[in-house]
Amino acid sequence: MALTRFERFVVWVLRGAGGMLFAVFQLLAPRRGSERSARRLPPITNPLLRVPAMQLARMIRRREVTSVEVVQAYIDRIQEINPLINAMVKDRFPSALQEAAQVDKLIEEETGGEDVLEDRLPLLGVPFTVKEAFTLQGMPNSTGLVTRRGVISATDAPPVALLKRAGAIPLGVTNCSELCMWLESHNHLYGITNNPYDLERIPGGSSGGEGSILGGAGSVIGVGSDVGGSIRIPAFFNGVFGHKPTSGKMHCVVSNVGQFPPATGQQPGFLCTGPMCRYAQDLVPMLRVMGGHQTDRLSLLSEVDLKSLRFFSVAHDGGSLLVSPVDRQLVLAQRRVVERLEADLGVEVQQLKLPQLKYSFQIWSAMMGAPGKDGKQPTSFAELMADHGTKVWPLWEMAKWTVGLSKHTMAAIGLALVEMFQRSHPTEFIIQQKESLQRDLEELLGTDGVLLYPSHPQLAPKHHHPLFTPFNFSYTGVFNILGLPVTQCPLGLSTEGLPLGLQLVVGKQQDRLSLATAVYLEKAFGGWREPGTTTIEAT
């Protein structure tokens, strides 16, 4: 199917006028590029920062280290790196240290033994961070909207509450894109977040602050949300693990309550809350805690025999004109995974092409804008920008932005402008493509299939560059629409020292398969790498 007239126009504008727009942006935006390029993250000096969360919890329970020592180690690291990456936007360090002291006192007084503590409080004393779009009691919940500057959360979002109930200690909240709908974590309330591997590059979005703080070793586990790749893209760009659980209104594993903005129309079936972490072994315990009893149907504790699984590899989306070609280093990294799986497990990885993936962006866009069962259209982006206040006129905001007077980012204004012309029901062709892709993948994956697919066609881009490649997120977004669970896995570093990675896609409620494969790939390829360490060349 050819591109629509509107889509052709958008591509022409982005490619032809992009240079001029970028030049204007550079003039208006404060620049500290020379400072950033000359400064790297300081190396990790405290060995506690290299210990997985579950191992930290075990060490704390066994009194090999105190929770205060662990929490203080992370506070020190955040204070060291946050001036460079601007990932944490509000901390609760004094409260976290008090809670850590209470944990240490509880352990001293516990008479039931370590097993009792592990069963009741599996994450006892372990620090974590939370995307600012979630409510965390006493912390801001603006989602980067200037008009929500004074909004302070009175309660905890359910996944946050469950982590706290399991003994974990929140350190603070992290930056996100304005209203959680862009690839770059930038807003006019908290500023721009940098990638810990290259401060000139983006950490992704919308959970970019979470990805950045994890990648820079300022956190070990964190909470993110994902409606188009907002967990997986930041996890990829920052070299960490991220999991989008099985989704759908009838299959939601982790509660999405307690987020701003709320999902409307059909969006509640696409939005996911999930774990982000530096170590693959922490994914299952985090998911079990965050989902509570809802995770029982996933059989997360069942042993997975990787040799009995069927593996498939799709190298790209089929060549959509809206999306960048897949970077050669990512193609080679995925090829190395195929070779390693075949050598280690004795399996044959089948190379596939799925032609419907060429329409991933159109599928995502059409379904996100589709009305709900009640016939009501989802809340428009312009309405969300207004947040029940003065109506936002996108064209007027664009005019104000050009003279530096808008409270909104260029990305948010651009999305509102696009929505003015594109809000419509999905076409019959796109619905057919979506349903055909859904059938093919569900039949292909079944209960024992794992699909390898790029997390994004590019390595972490330079700041603001996604303005000219806005559809590249469709490599992740299409799986939100299909409701399939996906795990993003790091695969070492590129020749530029940037993280490589790929997605593991599995059938609905088969999350344990991608999570088990993630643990294997961590062992095979080294998992998270400290920023600034020796690169692995993609040859």
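Modeller: A residue is called buried when its relative accessible area is under 20%. Please keep in mind that the model we are reading is predicted.

Colleague: With that cut-off, is K131 buried or exposed, and in which strand does K131 lie?

Modeller: K131 lies in strand β2, and because its relative accessibility is 0%, K131 counts as buried. Leaving aside residues up to four places away in sequence, K131 touches a list of residues that includes T174, C176, E210, V223, S206 and S230.

Colleague: Which residues does UniProt list for "active site"?

Modeller: The UniProt record, an unreviewed entry, lists K131, S206 and S230 under that heading. Although these residues are spread over 100 residues of sequence, they cluster in space, with a largest C-alpha distance of 10.7 Å.

Colleague: Where does S230 lie, and what does its side chain reach?

Modeller: S230 lies in the loop between β6 and α10, and with a relative accessible area of 8% S230 is buried, because the cut-off is under 20%. The side chain of S230 reaches the backbone nitrogen of S206 at 3.0 Å. Apart from residues up to four places away in sequence, the residues that S230 touches include K131, C180, G205 and S207.

Colleague: How should I read the buried residues of a helix, and which ones are buried in α8?

Modeller: One looks at where they sit around the axis. In α8, which spans residues 158-165, P159, V160 and L163 are buried; these residues cover an arc of only 100° around the axis, which puts them on the same side of α8. Among the elements that cover the buried residues of α8 are β2, β6, β8 and α11. After the helix comes G167, whose phi is positive, near 100°.

Colleague: And cysteines: how many disulfides does the count come to?

Modeller: A disulfide is a covalent bond between the sulfur atoms of two cysteines. Here the count comes to zero disulfides. C272, for example, is in no disulfide, and the nearest cysteine sulfur, that of C252, is 6.7 Å away; C272 also counts as buried, at 4% relative accessibility.

How values were computed
Residues numbered from 1 in each chain as written. Predicted model: local features only at pLDDT ≥ 70, side-chain atom pairs only at ≥ 80, totals over all residues. Heavy atoms only, no water. Buried < 20%, exposed > 50% of the residue type's maximum accessible area, 1.4 Å probe, protein only. Helix = DSSP H or I, 4+ residues; strand = E, 2+ residues; numbered from the N terminus. Arc of directions from axis to C-beta. Contact = heavy atoms within 4.5 Å. UniProt positions renumbered as here; feature names shortened; annotations may be inferred. Polar contact = N/O pair within 3.5 Å; in protein donor to acceptor, adjacent residues only side chain to side chain. Disulfide = S-S within 2.5 Å.
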